[in-house]
Amino acid sequence: MRRNRAPLPAMPYGADSLSLGAVRGGARRVGARMTLAARCCQAETGPRCGGLRQRRSRRPAGGPNRPCPAPRSWAPLEAPVGVWAPLAIVTLLSFASRFSRLSEPPHVCWDETHFGKMGSYYINRTFFFDVHPPLGKMLIGLAGYLSGYNGTFPFQKPGDRYEHHNYIGMRGFCAFLGSCLVPFAYLTVLELSKSLSAALLAASILIFDTGCITLSQYILLDPILMFFLMGAVLSMVKYNSCADRPFSARWWFWLNLTGVNLAGAIGVKFVGLFVVLLVGLNTVYDLWKLLGDLSLSLVTLGKHLLARVFCLILLPLVLYTTQFAVHFAVLNKSGPGDGFFSSAFQSRLIGNNLHNVSVPEHLAYGSVITMKNLRMAGGYLHSHWHLYPEGVGARQQQVTAYLHKDSNNLWIIKKHDSNTADHLDPASSVEFVRHGDVIRLEHKETSRNLHSHQHEAPMTRKHFQVTGYGINGTGDSNDFWRIEVVGRKAGKRIKVLRSQIRLIHLATGCILGSSGKTLPKWGWEQVEVTCTPYVKDTPNALWNIEDHINPKLPNISLDVLKPSFPEILLESHMVMIRGNSGLKPKENEVTSKPWHWPINYQGLRFSGINETDYRVYLLGNPVIWWLNLVTIGLYLLMAICTTVAIKRGVQLTAELKELSKVLLHCGGQIMLGWLLHYLPFFMMGRVLYFHHYFPAMLFSSMLTGITWDTLLKFCVEHLSCSVRRRVYLYGMLTLMLLIVFSFYLFHPLSYGMVGPMASDPKSPMAGLRWLESWEF
Amino acid sequence: MLGFLKQPVVVTAEINLNLVALTVIGLVSRMWALSYPTAVVFDEVYYGQFVSLYMKRIFFVDDSGPPFGHMLLAFGGYLGGFDGNFLWNRIGAEYSMNVPVWSLRLLPALTGALCVPLAYQILVELHFSHCAALGAALLILFENSLITQSRLMLLESVLIFFILLAVLSYLKFYNLQKCSPFTAGWWFWLLLTGVACSCAVGVKYMGLFTYLLLLAIAGVHAWHLIGDQTLSNVSVLGHLLARGIALVVIPVAMYLSFFYIHLTLLYRSGPHDQIMTSAFQASLEGGLARITQGQPLEVAYGSQITLRNVLGKPMPCWLHSHKNTYPIRYENGRGSSHQQQVTCYPFKDVNNWWIVKDPGMQQLVVSNPPRPIRHGHIVQLVHGITTRYLNTHDVAAPLSPHSQEISCYVDYNISMPAQNLWRVEIVNRESDTDVWKTILSEVRFVHVNTSAVLKLSGASLPEWGYRQLEVIGEKLSKGYHQSMLWNVEEHRYGKSQEQKEREVELHSPTQADISKNLSFMARFTELQWKILTLKNEETEHKYSSSPLDWITMDTNIAYWLHPTSGAQIHLIGNVLTWASANVATLVYVCLFLWYLLRRRRKICDIPEDAWWIWVAAGGLCVGGWAVNYIPFFMMEKTLFLYHYLPALTFQILLIPIVLQHLSDHVFRSQLPKNTFSALMVAWFSSIYLVYRTFSPLTYGKPALSAAELRDLRWKDTWDILIRKQ
């Protein structure tokens, strides 16, 4: 570490203000290149591209009322070392903090049980269903595969020991991506504010935040999501700063990289849509500026527009679709997720009973069948012994749509006027069901008939209720349904799987359909089935026959219509959206509320509850989080004061103008990111968890870096030349030390606690349980 | 002085006869045969109940909105001398003689009629021609849905009136701003904006959307004011302060005053008492206040108490136990402790009584002087009738297997010891030495051995538990939740040591003499919170619809059907107006974007002042439409077509704006202008014709035949009621 400061007589504080030796080296070189004449008088607008070029203009040093040669620039970062050496240190620290004690605890923690399991599914190529898009889990699977994990560990529940299974690869992969967040944040803040100390402050906040460390150390989607998210923000900021040289190689590179990262972000979780929105708003603003630039021709504008459409819309879409293509290509075996999808979809999966299916081709009386609704993510027609509760239509047996395969999905198709026995008689001839026949459907397990009547349906009040009625197949005339095939003539036979069927209730003329609404607890949260009096050909009211058992008919191998890729894509999205909206909190359940998050109200138990367990608790470093929280208020205050001052026409010095630009423009971008990643959660009906806040926390940390740096510069502006550097330096140092010290206090949260709980004075965490709601 | 002798006193009155004529026609169209039908129509059944309750001064909670609207309707009833005696039980029921139908419906009809001249004025203030203003007023006048909604005892027309009034007064204020700020007129319109806004919000929460829009517009204007460097800092500050007071402070104060009047008027206990906390109920006359009046305040060792769960969901209930035990095996094969059941019971019962006992002493009576229980004290809870101790242990609860079972301990002489010590934690304490107070303290019971917390799970037990609510011991207490909090509702100091005497004591009503006066702010906060969080179970109604159906009017609502003839009232709009309004919105947005992009390239298609008029008009009308419409996509409550009416009103105002703009700036040569005028006349006549065609469904008379009704069913999705012959 060099301590030679000889060629630096009166350097502006900023770049060299932190006593990091490497920074000194860089700054020294800067000083060396600036001649004494130019010293302290550089009107530096900051390097425009990549921090490597700069425009220079000379101004006369100091005004009459400026006794000391005022530094006109805050951070003349020019030499590569000045940027890269701190970056290297920051990266090193980040990796060290994330990879330390990575293998502890050697058992399944929290949601590893889901995502690890899904990683295994990819390795085993079994089809499953999840509410998130596939990229994150695919990458986990890939990491596991490459690191020699064979996909055999069942990941049954948190706390299961890994034993000999190799889980470090997957954890290491997530930790690697999680570590990248810090350099990304560093570079973003540096690019925006041109201030090394702001960047270092933001980076150190992320390095020493226990929450970020914990979240990066396990097999979870969040580090992957945040990696792409920060990647997108960084590349967006980078390509913005190349705006003066459009269509250069560098510009194209960052623009494309933004698109790639966006695809990655939404490919991991739908929360990625918020960063898409951020980039979208930024692009609109960008285009608006270009449109106002009359020196650009319409052709150039068109080029700009097309470039953005291509890189920020088409490219992400293509990549996103590719992820799904890979997902479907890899998962080709039947697994736990089959029932969520249509019959056509299931026929793709090896091991599914519809794969290379062999069933009797035409529907006949006496056959045992299952019927699947044709709406996206529609269920099987289902009934069970339970009755509709009192006050919900007639008190008869429930009929629902059920997404899973089950013996209660089986129905027997019968003639409306004849009795049960004659079809079972092996001697009798087979009679086929034809388009336009009047039939009766008997539930196999309970021997009740599919029935409808003029009572309101439980959820969709405009429709009629559908029930199971009658005893041992004897019901009344409300059990009669006319079966019709879409687009066929009367009298034709009905094909299994391929025919789209409509069931029309004979007495009321309504059509059997599934409304897609979830029934309350009494209906086991299955999907409502109704009889709709509005005759429309929507998929809600169409069904197909999936299983077909009739011993008297020969089985014929059918090549079911293989669905096209766009169909599969659309269908899986419908299923995911429904799954997401189905994650509703239960009555009287304590759930995490969005307002808890920024105040670090309550964490999440990752592992262990009792005193003897190895406990890991996801909780942000309270000092850092409360600093972030205060900073948001501080930022708003500063921004309002500055804008009002500018609007009132207050004359600002060049430095202050530069500072207020950083504050309003760059800080504004980050603030917008925070808002976009936080506010939407207030409107979400699904179950929320503490870790949903972490993307917003990244923005909040960057904002803290920028705001405090600007604030200190504002404050010292009025001090004399000799004091101001020291004050600024001490201010920054105090903040850093505070952060490091709080990390020292709280690091056991991430790296594991054993022994008595914090309420016990003997615990190492004693006295640190500052909020009663923390559970460690 | 004596100036009037030299110059005569002259009063010059300018009367816009257009405006007068419009008001008169508006009144006629809304008030013609107002008391027909003399039967309950649609939501009158709902609002009527509240009017009756106001007349009887009985407290109620309505989750649909703040009380100002109900109060206005009740005021109508008060003027008509309504005594509140009518059973609002079904739509279509004939009104009895004592119900002043006309005066109950008068206020909505008046406000509905006044919307017509308001529309006229708004367009004039937006700097459009009197011709356009007349057009806007006529469109509002001939809008069937607005007429239907105004002629009945419903709140939408009142809401729309206040919204339009707020918009108009803001425009007037803003136009005065340029020439004469801080004059009487300026202050009048500014204050009226605030008052009208708070009235709109007070009628229905939907008014909030328009209020926010106006705040945003005022914010933009204030921002321009800040940028105006000809003004001194002091005068800018003055302007900002005036706006802050008129548009924020006054509305908030008025909103509070609505609640103040509401709570002052309704002082008797009533059907919704149970929703409120015990403290609130104690402040009402009758009901709980009668029971709890004079209870001892501080809970002491030996106190006999009932414990109410603070959450009150799924229903308010009290900690309860009875002789029956948990079944040895549940349906799913899991075992239980077979000890006495502890549940939460939603009705008052002698089995809800518990005695607080000092673990160190045997006696179950209050010593003299009483020893009050403080935060952190350890107690045992003894069930009054069975004298068993509240207990929990490591046995899974019946319906929530992750939590512990709560029971009243029965000693079966097996290796399952009694664990019946509970620590009292007062959650809303001010200091750690606070005394446990009746009604006021919210208390958590933490089990000493297992640190489980006594909690209401919300599930209801099967037959063996008589469908009562399950109570569990929550082991992983995730912080604060109301289902873990209990408060003492009924309380007395126990006197009888003998079990027999105690039973008699438990059966006797409580009495004593302290009344708990809640402050207005405490009552307001609680009521407001309940209004916002109360959820109706009803998920869908026969006539409910989704917001997407509204723009195209794919849905209607049948309000009333004559018991014998085919006469009926529907909420159904003027189809042509709705379609034109949609087209106008589309044209506006397209033209706006076109101008905006071209202006950015410094190409000005229209003069600068025309552009700013265009922006202001669009910002208000399209903005008003959007803020009153788009939020419904995010709402989970049951929605009806009438929720669209405020948005529709703004959209209708846009039609003449777009038409005038087209004729002024787009069709510049003479020939298209003539064609345009001819088209206008034809279009207005068709709007009138459509209005005439549907007016039987709007006014409910004359009765139409089945064939005529069938002809009126212009869309397949409309539900028009046709009697079977």
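Predicted model: local features only at pLDDT ≥ 70, side-chain atom pairs only at ≥ 80, totals over all residues.

Student: How much area do chain A and chain B bury between them?
Tutor: About 2900 Å². Carbon and sulfur atoms carry 51% of that area.

Student: And how many residues does the contact take from each chain?
Tutor: Chain A gives 33 residues and chain B gives 40 residues.

Student: Which helices of chain A each supply at least two residues of the side that touches chain B?
Tutor: Helix H10 (273-292), helix H11 (298-330) and helix H15 (622-647) of chain A. The largest share, five residues, comes from H10(A).

Student: How do the residues on that side of chain A divide by type?
Tutor: 14 are nonpolar, seven polar and 12 charged.

Student: New topic. At what angle do H6 and H19 of chain B pack?
Tutor: About 150°, with the axes 9 Å apart. Helix H6 of chain B covers residues 130-141, and helix H19 of chain B covers residues 645-666.

Student: Is the crossing left-handed or right-handed?
Tutor: H6(B) passes H19(B) in a right-handed crossing.

Student: Which residues meet there?
Tutor: From H6(B), Ala132(B), Ala136(B), Leu139(B) and Ile140(B). They meet residues of H19(B) including Ile652(B), Leu653(B) and Pro656(B).

Student: How many residues of that contact are nonpolar, polar or charged?
Tutor: The contact of H6(B) with H19(B) has eight nonpolar residues, two polar and no charged.

Note on methods. Residues numbered from 1 in each chain as written. Chains lettered and ligands numbered in written order. Heavy atoms only, no water. Contact = heavy atoms within 4.5 Å. Buried area = accessible area lost by both parts, 1.4 Å probe. Helix = DSSP H or I, 4+ residues; strand = E, 2+ residues; numbered from the N terminus. Nonpolar A, V, L, I, M, F, W, Y, C, P; charged D, E, K, R; others polar. Axes fitted to C-alpha atoms, helices over the stretch in contact; angles between N-to-C directions. Left-handed = near helix turned anticlockwise from the far one by under 90°.
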